Amino acid sequence: MDASSKEEEEEEDRAFTNISLADDTDHSSRILYPRHRSLLPKMMNADMDAVDAENQVELEEKTRLINQVLELQHTLEDLSARVDAVKEENLKLKSENQVLGQYIENLMSASSVFQTTDTKSKRK
């Protein structure tokens with residue numbers, strides 16, 4: 001074997017694993033399969049693509065959840081503001097009812113129609 005063919009064979013041996021189909025040592029019957037080392041970067045790239053796709057899906061899900069949380073926070077703020085407004089209105093109406101109740105009592109006490117008369121004691 002000359003130096004250049006030996007060099008080529010060594011280069012092939014680095015990139016491929018030799019699996020012989022026969023027990024003879026004839027190099028013409030060799031089938032060459034790629035070694036795992038040469039597939040490793042491709043597998044890593046495929047794995048990285050899968051991880052990137054998974055990360056993208058995760059990121060989209062997180063973004064969707066964050067938007068949903070923000071929307072719920074705004075809804076909660078709106079509801080809280082509405083509850084505060086209703087409480088304020090309720091207090092105002094209670095105050096007005098007290099004033100009206102006091103006014104009606106004053107009118108009834110001033111009117112002779114609503115004066116209590118003790119008719120039972122007069123009849124006896």
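Which residue forms a salt bridge with R64, and how far apart are the closest N and O atoms?

Author: Happy to zoom in. Keep in mind that this is a predicted model. The partner of R64 is E61, and their closest N and O atoms sit 2.7 Å apart. That falls within the 4 Å used to call a salt bridge. As a rule, side chains of opposite charge can pair when their charged atoms come close. A search of the whole structure turns up 1 salt bridge.

Now for the setting. Both residues belong to helix α2, which covers residues 36-110, and because they are 3 residues apart there, about one helical turn separates them. Neither side of the pair is hidden away: R64 is partly exposed, at a relative accessible area of 45%, and E61 is partly exposed too, at 36%.

Helix α2 has another charged spot to look at. E96 is also placed in this helix, and together with D84, E88 and E89 it forms a negative surface patch. E96 itself is partly exposed, with 40% relative accessible area.

How far can you trust the picture? Among the elements of the protein chain, α2 has the highest mean pLDDT, 89, while strand β2 (residues 30-34) has the lowest, 50. Over the protein chain, pLDDT averages 76, and 56% of the residues score at least 70. Where pLDDT is low, the predicted coordinates should not be read in detail.

Terms used
Residues numbered from 1 in each chain as written. Predicted model: local features only at pLDDT ≥ 70, side-chain atom pairs only at ≥ 80, totals over all residues. Heavy atoms only, no water. Salt bridge = Lys/Arg side-chain N within 4 Å of Asp/Glu carboxyl O. Helix = DSSP H or I, 4+ residues; strand = E, 2+ residues; numbered from the N terminus. Buried < 20%, exposed > 50% of the residue type's maximum accessible area, 1.4 Å probe, protein only. Patch = residues over 30% accessible without salt bridge, like charges linked within 9 Å, V, L, I, M, F, W, Y side chains within 5 Å. Areas by Shrake-Rupley, 256 points an atom, 1.4 Å probe, with all protein chains shown as cover. Lys, Arg positive; Asp, Glu negative; His and termini not counted. Charge placed at Lys NZ, Arg CZ, Asp CG, Glu CD. pLDDT = per-residue confidence, 0-100.
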